[in-house]
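Open the model in your viewer and keep the selection tool at hand. This tour goes stop by stop.

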Amino acid sequence: MTAPKSRAASTTLRAEWTKLRTAPGTIWLLAAAIVLTVAVSTAATAATRCPAGAACPVDPARLSLTGVEFGQAVVAILAVLAISTEYTTGMIRTTLAAMPRRAAVLAAKAVVTTGPVLAAAAVAVAGSLLAGRLILPGHGFTTARGFPLLSLADGPVLRAAAGSVLYLALIALLSLGVATVVRDPAVAIGIVLGLLYLFPIVAAVAASADWQRHLEQIGPMTAGLDIEATTGLRGLPLSPWAGLGVLAAWTAAALLAGGLALRLRDA
Amino acid sequence: MTATMARPRPGRRPEEHDGFGRILRAEWTKFRTVRGWVIATVIAAVLMDLVGLFAGGQSNISCNNGPGPAKTGAACIPPVPLGPGGEPVTDSFYFVRQPLAGHGTITVRVTSLTGRYGGGFGPANQGPVAGSKIGVQPWSKAGIIIKQSTREGSAYAAMVVTGTQGVRMQYDFTHDIAGLPGAVSARSPRWLRLTRSGDTITGYDSADGSHWDKVATVTLAGLPATASIGLFATSPAYQSLSQFLGGTTGQVGPSLATGVFDHVSLSGGRPGAPWAGDDVGNQDAFGPQTGQLETFRQAGGRFTVTGSGDIAPQVPGGGGPSSTIEDHLSGAFAALIVMVVIGAMFMTAEYRRGLIRTTLAAAPRRGRVLAAKAIVIASVTFAAGLIAAVVAVAVGVRLSRDQGTFVFPVSWLTWLRVVAGTAALLAVATVLALALATMLRRSAAAVTAAIVVIVLPFILGVAEVLPSGAAEWLLRVTPAAAFAIQQSVPAYPQVTASYTPPTYFPLSPWAGFGVLCGYTALALGLAVFLLRRRDA
């Protein structure tokens, strides 16, 4: 009983992996995610200087990871296309005929999408931090002024780096869940980017400070990116891991909704 | 030869015109008959209002200023004086004055401008300036003034020496003209002169009292026959703003300025009339004991005048809770995301269903198809955005006032620019998405590109970790510059404040909007080029 089941699981995984691998956009999107993340991070650190004598309330790790906010949009496209292309081409009917256990299909998609995203995110985050390590000391962020060289041996920096990689993977899964529910790629990406970007904007203009804090606590991007903080943790709306937990909750809800929609609806 | 060339033309022209009209109608029909798009447009408008009202709203403010029981809401808004131009102003200074009927001239020599700032919260027995530091603010002022009356917000013209900005001629709050540069001291005093003739006032300055330079001649409409003329001193709140992160961190405290005048001569007043001291305005810089600090001494021909406050336009953020009309338009981002999705789908749906082949067979001039699509989607978005923006601002401003927030008044032209500009911004952003979708043919990529280039720079510039220099640069060169069209209050060089987004933008409203239009025109051009070149 268990043997065929596990074989079915590995077949599904292989099928999904083949689909993702051979889709023309995948490799380019992964490359774009890495390049955009590192380029924007580098630009942000290059634009920041700590003039002599000034107190610079800057979190160097977070500044070096600015590009994640761009890279996540590319990751979201990749994950949305992983499922919505099946609907635009009608491939989904073949997929579900071959593998009637629909939850397993979604699970397999989640696994094969997460893998490459994790790998690309690791490269992008490492590149961004390396750029920060090389650029920041020359811009006034020196050890003597309380800004040690960015290093993964430093606990909070490691947390920021590993957390950012996890953050991008969770964004991919969130996008996959949303796209499974709404099917259309344009609508799915609109919803994902709306969820990510609207919370910080509304929080920035919110009239009351309480609302501002609450919005930053529940927004998937604002809460999730708390993981990048290495200084001033007390001023954060949420602690780093709790923030990533909020994003994980959004992701779990999206995947659950996607799984239910896939099960209950006709393809 | 010419006849045969010319003959088809009169026939073709109406047909061509008719042709574009038909394409336009076809595209309008395509939009109108997709129920999801129509519903989504309505949702975009509703979302814009809901998000805007949610962001602008807060709980009622309660206060117990003045006599009677505690109040809430609109009763808490302190009366804000309005200047001659209708703008909210601060009009608070110490005024040593005489009445002036008709024509007249006042001339003084200023030998010193000093000040204190910060502190002021020490125990009462140590005096109100306990803990304060010595120093002037950039816009601490001492000088001479001709003012309509002692009513706050009334018209005036003044010649002043400032803390660090040299001699200035200022009038009617929003106007500021530079005179002699450099700081004032006993060794390099400054001579100031104001001459009134009817409602025309001319300001002069001089370094030695014999060579006079005219700074400006200004007209104060409706200056009454009898105005007030005299010496004054004032000093705006001390602000130490961190220029590093958009001025979000900073210290604010009270300040005082003291000016020393001599060689005071007045012609046109009643000869030998006494000087009266008046604490105009109610900026109690150092708490209830300010009254004993704001004063003047007259010894021989020497006047020492100490004052606190400012004679300047008010800017948002200072004083009590205040908001601007564009604070209620933050929902535009939600509408923008929805409309960008529709704009991209308006093109990619054609490719998905293969309809593009029928469309291009019916209208072989491909550029016109794209133009028709752009006109249809832009018009729909503009109409929906305009209705939503009018509702958001009208309702939001009223709610804010009822809750006790002072809303900065704007002229109707500015109101129109902010509201219609927001709708136009949405329309152009949707066209950008349409053009990107034509170029990329992939709706997910087109939607992401449009949202990322418009929305993300705004987030990084306003709410995120970027330092102010980089943030300002982003709001100049990216399509997010277009949000400058929403700025409703001007920045004043003569007022120290943190002029940062989302209230202030580095580009002027129309220049910022032009940046988005430029990118969109470029994308449309590329889209037409690719649409013509590629097989459908």
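Start at the hairpin of strand 10 and strand 11 of chain B, with 2 residues between the strands. Select Gly198(B): its phi is positive, near 65 degrees. Keep in mind that this is a predicted model.

Select residues 190-197 of chain B for strand 10. For one position across the pair, pick Arg193(B); its bridge partner in strand 11 of chain B is Tyr204(B).

**On to strand 12**

Now select residues 213-219 of chain B, which form strand 12. Strand 11 and strand 12 of chain B run antiparallel, joined by 6 bridges.

**Zoom out to the domains**

Color chain B by domain. Domain 1 takes in 19-58, 322-487 and 498-533. Domain 2 covers 89-313. Their C-alpha centres lie 47 Å apart.

**A pair of helices**

Select helix 5 (residues 332-353) and helix 6 (residues 355-362) of chain B. Their axes come within 5 Å and cross at roughly 105 degrees. The two helices are therefore roughly perpendicular to each other. Show side chains at the contact: helix 5 of chain B brings Glu350(B), Tyr351(B) and Arg353(B). Helix 6 of chain B brings Leu355(B), Ile356(B) and Thr359(B). The contact residues divide into 3 nonpolar, 1 polar and 2 charged.

**Last stop: where the chains meet**

Show both chains. The contact takes 35 residues from chain A and 43 residues from chain B. On chain A, select helix 2 (26-47), helix 3 (60-64), helix 4 (68-89) and helix 8 (185-205); each supplies at least two residues of the side that touches chain B. Which helix of chain A gives the most to that side? Helix 8 does, with 15 residues. Color this side of chain A by residue type: 26 are nonpolar, 6 polar and 3 charged.

Terms used. Residues are numbered from 1 along each chain as its sequence is written. Chains are lettered from A and ligands numbered from 1 in the order in which they are written. This is a predicted model: local features need pLDDT of at least 70, side-chain atom pairs count only at pLDDT 80 or more; totals for chains, interfaces and linings use all residues. Two residues are in contact if their C-beta atoms, placed from the backbone, lie within 7 Å. Helices (H or I, at least four residues) and strands (E, at least two) are DSSP runs, numbered from the N terminus. Ala, Val, Leu, Ile, Met, Phe, Trp, Tyr, Cys and Pro count as nonpolar, Asp, Glu, Lys and Arg as charged, and the others, Gly among them, as polar. Domain bounds come from an automatic or database domain assignment. Two strands pair if DSSP finds at least two bridges between them. Axes are lines fitted to C-alpha atoms, for helices over the stretch in contact, and angles run from 0 to 180 degrees between N-to-C directions. Angles under 35 degrees count as roughly parallel, over 145 as roughly antiparallel, 65 to 115 as roughly perpendicular and the rest as oblique.
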